[in-house]
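Hi there,

Here is the structure I promised to pass on.

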Amino acid sequence: MASMRPTETAAWTALATHHAAIKDRHLRELFAEDAARAEKFSAEGAGLFLDYSKNRITDETVRLLIDLARARDVEGRRDAMFRGEKINETERRAVLHVALRAPRGTRIEVDGQDVVPDVHVVLDRMASFAREIRTGTWKGYTGKRIRNVINIGIGGSYLGPEMACLALREFSDKGMNFRFVSNVDGANFTAATDGLDPAQTLFIISSKTFTTLETMTNAATARRWIVAGLGADHAVARHFVAVSTNAEGVSKFGIDPARMFGFWDWVGGRYSMDSAIGLSSMIAIGPERFEEMLAGFHDMDEHFRTAPPERNLPMLMGLLTVWYNNFFGAETLGIMPYAAPLARFPAYLQQLQMESNGKHVALDASRVAWQTGPIIWGEPGTDGQHSFYQLIHQGTKLIPCDLIGFCERLSPLAAQHDLLMANLFAQAEALAFGKTKEELKAEGSPDFQTPFRVTEGNRPTNLILADRLDPRTLGSLVALYEHSVFTQGTIWAIDSFDQWGVELGKALAQRIIPELAAEAEPATGHDSSTNALIARYRGRRGW
């Protein structure tokens, strides 16, 4: 890791000077000056095409951003990650989600041990079990075939599998239902089990420690639901499997440890959808398709590892995020997939990016003096066009956006796919160029309306195109953002792989739980607001 803080580098100073010189330049001018701009500012790799020409950049901008990446040693830290070095410095752990999709025969070491064979042992066990479920070889307690799979987890143990199952539903076994429970709100569990037969339902309990409060609360509820529905405590062994490393806890719950699928401390939760956490995805699409998804991840890993910065998709996207976040003062990044199956992709990226780079302490333990991770949000197009795009087009905030589309349709409705893609291209064009007062008048806009109809443009976008939304492409797309997050965190001199900020609320919740019991004394150990809220809740909860 480069020791110098990013704002103290000559590259950062040069970018600040450059920003002052070009910040008011309009994309209309930039395109008018360079007929080859679209070709110049595009790159391709791992099945994805990136058009970043509609960004507020010049050749000099890209050169200076790459200078910043080199000053911050992004390539060196990347190589250290791939070597298995402990770049998660606050937890003294390796960061090796790339090992989860490494082909057999690849060698990646942690503390001198090659971890790739262990990864494939787990993948093989997952594949064997997935085939048992998909073929009906594995039966429930009463002898019925499993038709429903419910993944219980939270955070990284839930968002990735849910996103993937929805994104790849065309490839999923249509004779099965896949549902997800994460929220400790009992309404989440009730909705997930509504209409299901316990005799045909399998629960996957995803918790590395098998102690996560929300997950284990829902797991206990699921256990009671199965036992009540099937009338036998030992039915649990036929209707539960675990993704965990706590064999003792799993066994105590009633799950056969032979049906526990493990992973490692060098896999962060938000980077784990291609590990055993993805068991529900593998059951849904089958081991062969899951392997294709892993190949897509690996394609992007290799692209990130080997492509030069000026052609490196994750590096370019990460650097552009830094450009807007730190020099233009943009506080958010919109993710807009023009594909209904990617409805949960923005939510997945919220955790990936905001838990990774939502940090205010640098690696040297000092408080950062620069903005770190932006707020990530978004919805699928064309839904967003009729809700929040108005603010992006004519609001007072600068909101860079990633627009994602696919050339081939998943639906037989070809004309509707053309309409969808026309909207994608039109939005990128409208955001970039807008419409001037003169253009509106030439079109016959009434004078009283014209000021309100002007759209300034100069709103930046990345447009990502792939041929088709399939397992391999999804893997590549997720890895693209993983490595973009890595690039940003390296620039900002923060640890993108810890998440200490989520621990405080969990600890306080554990303290408050017994204070909500009916027989408990009134809470007095908190601030006056929290004490009063606890008292109000206890008096009005209705039971």
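**Pockets and a helix pair**

The largest pocket has a volume of about 910 Å³. This is a predicted model, where local features need pLDDT of at least 70, side-chain atom pairs count only at pLDDT 80 or more, and totals for chains, interfaces and linings use all residues. Residues are numbered from 1 along each chain as its sequence is written, and side-chain values use heavy atoms, with hydrogens and water left out.

A pocket here is an open set of points on a 1 Å grid over the protein atoms alone, where a 1.4 Å probe fits, with protein on both sides within 12 Å along at least five of seven lines; lining residues have an atom within 4 Å of a point. A volume is the space filled by probe spheres set on the points, which are joined across faces, edges and corners.

Lining the largest pocket are 37 residues, and Gly269, Glu355, Gln499, Glu503 and Lys506 lie nearest its centre. Helix 9 (213–230), helix 15 (345–357) and helix 21 (503–512) are the elements that each give two or more residues to this lining (helices are DSSP runs of H or I, at least four residues, numbered from the N terminus).

The second largest pocket, of about 490 Å³, is lined by 21 residues, with Ala339, Ala340, Pro341, His417 and Leu420 nearest its centre. Helix 17 (residues 414–433) gives the largest share of that lining, four residues.

Lastly, Ala11, Trp12, Ala14, Leu15, His18 and Ile22 in helix 1 meet Glu60, Thr61, Leu64, Leu65, Asp67, Leu68 and Ala71 in helix 4 (contact means heavy atoms within 4.5 Å).

Best wishes
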